[in-house]
Amino acid sequence: TGLPTAKTWSGPTLAGGKLWMASNKGLLVGVDATSGQIATQHDLDNPVFISPIVANGRMFVLTDKANLIAMN
């Protein structure tokens with residue numbers, strides 16, 4: 001199965017065995033790095049145009065509306 005429809009995707013960023021990508025539609029998708037299957041998907045409710053960043057055991061996503069989301 002492919003990625004959900006979006007005009008742009010930012011990433012990928014490798015973390016926790018997944019390739020993480022964020023879309024202009026506000027989706028954060030984690031694709032299993034081994035199988036290529038979508039493992040998890042989160043709706044951030046805001047467009048994202050910058051790749052997620054991983055630091056100190058957390059992933060940070062900056063939305064287009066300047067919301068910084070930290071995830072474990």
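I started with Lys-25: leaving aside neighbours within four places in sequence, Lys-25 is in contact (heavy atoms within 4.5 Å) with Thr-5, Ala-6 and Asp-43. This is a predicted model, where local features need pLDDT of at least 70 and side-chain atom pairs count only at pLDDT 80 or more, while totals for chains, interfaces and linings use all residues. Residues are numbered from 1 along each chain as its sequence is written, and side-chain values use heavy atoms, with hydrogens and water left out.

I placed Lys-25 in the loop between S2 and strand S3 (27-32); strands are DSSP runs of E, at least two residues, numbered from the N terminus. A polar atom of the Lys-25 side chain sits 3.4 Å from the backbone oxygen of Thr-5.

Next I looked up the core. Which residues make up the largest nonpolar core? I found 9 in all: Ala-15, Trp-20, Ala-22, Leu-28, Leu-44, Val-48, Met-59, Val-61 and Met-71. Such a core is a set of buried (under 20% relative accessible area, 1.4 Å probe, protein chains only) Ala, Val, Leu, Ile, Met, Phe, Trp, Tyr and Cys residues joined through side-chain atoms within 4.5 Å. Strands S2 (18-23) and S6 each give two or more residues to this core. Not counting residues up to four places away in sequence, I see Leu-44 touching Gly-26, Leu-28, Val-61 and Ile-69.

Last, I went to Leu-62, in strand S6 (residues 58-62).

Definitions and conventions
Helices (H or I, at least four residues) and strands (E, at least two) are DSSP runs, numbered from the N terminus. Buried means under 20% relative accessible area, exposed over 50%, partly exposed in between (1.4 Å probe, protein chains only). A polar contact is a pair of N or O atoms within 3.5 Å; within protein, one must be able to donate a hydrogen and the other to accept it, and residues adjacent in sequence count only if both atoms are side-chain atoms.
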